Amino acid sequence: MTIQQYEYIELAGVIVPDTLETRTQVESEFKNAFGSDLVVTPDTPQGVLITDETLARDAVIRNNAAIANQINPNLAGGVFLDALWALTGGTRTSADKSYIAGVDLGGVPSTSIPQGVTANPIPAIF
């Protein structure tokens with residue numbers, strides 16, 4: 001029995017193979033186990049198993065790639081980016097709330113307005 005090695009991290013970075021490549025590999029494994037004349041079309045019971053195995057491997061590969069990419073500051077986000085930033089002594093700047101007096105706004109109460117948003121005044125009609 002041959003044990004398949006899955007190598008998806010190379011010098012160029014994390015490699016995510018095409019799903020068709022993974023399916024071809026799984027089909028080959030089934031044919032090695034059950035004979036080269038095994039029918040592996042998706043409408044057969046073994047084809048369904050091959051599809052399920054392919055999807056499971058694809059999910060693991062993509063999950064592992066996403067996790068591996070979190071050590072790259074250009075791709076990291078959220079707590080992973082915070083952790084990378086902390087390695088160099090940095091910390092996230094906490095948010096500051098702003099209050100503006102004498103302005104009437106319409107809309108949904110407690111809605112956060114992103115920094116840098118500008119509003120054009122609407123002339124009052126008397």
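Q: What is the volume of the largest pocket?
A: The largest pocket has a volume of about 1000 Å³, where a volume is the space filled by probe spheres set on grid points joined across faces, edges and corners. This is a predicted model, in which local features need pLDDT of at least 70 and side-chain atom pairs count only at pLDDT 80 or more, while totals for chains, interfaces and linings use all residues. Residues are numbered from 1 along each chain as its sequence is written, and side-chain values use heavy atoms, with hydrogens and water left out.

Q: What makes a residue part of the lining of a pocket?
A: A lining residue has an atom within 4 Å of a point of the pocket, an open set on a 1 Å grid over the protein atoms alone where a 1.4 Å probe fits, with protein on both sides within 12 Å along at least five of seven lines. Here 22 residues line the largest pocket, and Ser 98, Leu 105, Thr 111, Ser 112 and Ile 113 lie nearest its centre.

Q: Which helices and strands does the chain have?
A: There are three helices and two strands, in the order β-β-α-α-α along the sequence. Helices (H or I, at least four residues) and strands (E, at least two) are DSSP runs, numbered from the N terminus.

Q: Why is Phe 30 called buried?
A: Its relative accessible area is 17%, and buried means under 20% (exposed is over 50%, partly exposed in between, with a 1.4 Å probe and protein chains only). Phe 30 is therefore buried.

Q: Which residues make up the largest nonpolar core?
A: Val 26, Phe 30, Leu 38, Val 40 and Ile 50 do, five residues in all. Such a core is a set of buried Ala, Val, Leu, Ile, Met, Phe, Trp, Tyr and Cys residues joined through side-chain atoms within 4.5 Å. In soluble globular proteins, nonpolar side chains tend to be buried together.

Q: What does Asp 58 touch, and why is this residue called buried?
A: Asp 58 sits in helix H2 (residues 45–68) and is called buried because its relative accessibility is 11%. Leaving aside residues up to four places away in sequence, Asp 58 touches Pro 17 and Thr 19, where contact means heavy atoms within 4.5 Å.
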